[in-house]
Amino acid sequence: MNITCKTLIRRDMRKVFHIRTFLIWCALSLTAIFFFFTTGGKTDLMQNNEVNFMALFLPQIIFGAWAVLSIYFDITSSDREHNVLDCILCAGISKSVIFWCKIIAILLASLVLSFAYLLPVTAVIVILSKDIAHCVILLQYLLPLWSYIMVYAALGIAISVIARSTKTALIVSLASGLVLMPRFFILIIDGIGAIFQWTQAAKEAVSMIAPGVMMEALSHYSGTSEYLKMTVIFSLSIILLLTIAFMVFCKQDELNYGE
Amino acid sequence: MNDFVLQIKDLDKSFGKSKILHKINLTIGKGDVYGLIGQNGAGKTTLLRLISGLMKPSGGHITIHTEKKYTGYMPQSCRFDDNNSVANTIRFFAALKKADVSDSYVLCEKLRLDMGKKVKHLSPGQQKKMQIVIAMTGDPDLYILDEPTAGLDPNAAFEMMEIIKSIHGRGKSIIVSSHIISDMDEICTNAAIIEKGKLVYDRRLEEGYEIKTSSVPFTIIDMLSQRYSLQTNESKTVLSINTDKNGISQLIKELTLHEISVFEVSAVNVKSVVQRQMRENRRTDNEYNM
């Protein structure tokens, strides 16, 4: 990796790890601990020595979209809005290099955030159970959580690229977070399904588009096939969103003409 | 080795059905300061963005002959990361250009720019200074400055003009757009006027002269036109000519020989170019309305 890429990635990482990110993810980690105690996670652990999936991920399923989108919604829009992107491009850097560096930055940042979310709750579990073997939770759920966060990160970068201003990106991110909230999304799909007379199975399949619904579904199954399905859906979502973002990013000046 | 830094040939730019630039042809030589003049929405910024490679042309070619692969671009307005210091911001761009940052630090000191200050604490004038320092980082051969003095107080504008002059003094080529005619007059060697996406005027300023005379008979104008690139106004009392200093002395001699009084000889400047163009526009509008 050359010095240009390192410089761009370092800048994006600094932008992502803002004080805002620190506060939001601290709150999310504390909520995870709180939910672990209040949703039967502790009872399951003490009585059956099992870690309840929902007790771990409930805050992510409810607030995950907002927490992730709040970090990435302005990763490109602010640079464009303030003409910083133009200055970077005139420094002889191509748009594709800038975009790839952003992808690497969000990949790394999302991994750090997954770790930051799981670490406190794992520590609580290890302390309560006095069983160091529970540390494996961190490794077991790190990858699913990372890919879950990456879906929203890809959505965030797509919104940031497509939106004409940071303010618009923020509004669209908030709206997307609301729409993708599992309970709300299922209601929307139920409504659409009723209009088009979809079967229950079709409605459930379409609901899986929302990462939160997918994560919720995982709590009912322990089979690897469900995790495989999750991997495929999440990977496709990430690839699709990033491809859209890249295509728009490359033609942004033409598309946003007339602002 | 080419003697031009930038060459634009038949450049077209359209967004959907709206044509923004139409068949633009422009050549910028080494050490030229090209003033780009035009009303708001004429296509100046689009042209600058095309030159800097931020947009792709719909037709035609832009050729840049510089050793360095970057240009010194200064947008109309720019706001770098608020919480970053001036030094960090400059270091970031120096790293992107793979340039030595120490020259930029020296320039900051010269411009009394506090490098430890956060960007959000800089005044608009200081922000502009930082932008020009960033544009100058790596010492590019071609500078693209979009309204460099816009929004600055007189002192800051004066300092900015001095910086631009110093860039020109080092033999660099500059293309600059501005609405402030006096600024353009001070720095430009060439002037180009864009109107509704078309280049309606493009001339080297020091080669243009205006001669105010008594009325020149048509026969004499006709005769002189065969040897000089000459234009006159309707009353035949102002001759605009493209020539050098020797050419102008020769012409004055010839006019005197034909008993035509010469009242004033002045080199064409941006102000006179703009005024003439405005007069021309008014005339065309009137003809169109009739």
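Modeller: Helix H10 of chain A (residues 182–196) has 15 residues and reaches 21 Å from its first C-alpha to its last, close to the 21 Å expected at 1.5 Å a residue. The expected span is 1.5 Å times one less than the number of residues. Helices are DSSP runs (H or I, at least four residues), numbered from the N terminus. This is a predicted model, in which local features need pLDDT of at least 70, side-chain atom pairs count only at pLDDT 80 or more, and totals for chains, interfaces and linings use all residues. Residues are numbered from 1 along each chain as its sequence is written, and chains are lettered from A and ligands numbered from 1 in the order in which they are written.

Biologist: Which residues of H10(A) are buried?

Modeller: A residue is buried if 20 or more other C-beta atoms, placed from the backbone, lie within 10 Å of its own, and exposed if 12 or fewer do. In H10(A) the buried residues are A:Pro182, A:Phe185 and A:Ile189. Seen down the helix axis, these fall within an arc of 65 degrees (taken from the directions from the axis to the C-beta atoms), so they line one face of H10(A).

Biologist: Why do residues three or four places apart point the same way?

Modeller: An α-helix has 3.6 residues a turn, so residues at that spacing point the same way. The face of H10(A) turned away from the buried side carries the exposed residues A:Arg183, A:Leu187, A:Gly191, A:Ala194 and A:Ile195.

Biologist: What follows just after H10(A)?

Modeller: A:Gln197 takes a positive phi of about 55 degrees there.

Terms used: Helix = DSSP H or I, 4+ residues; strand = E, 2+ residues; numbered from the N terminus.
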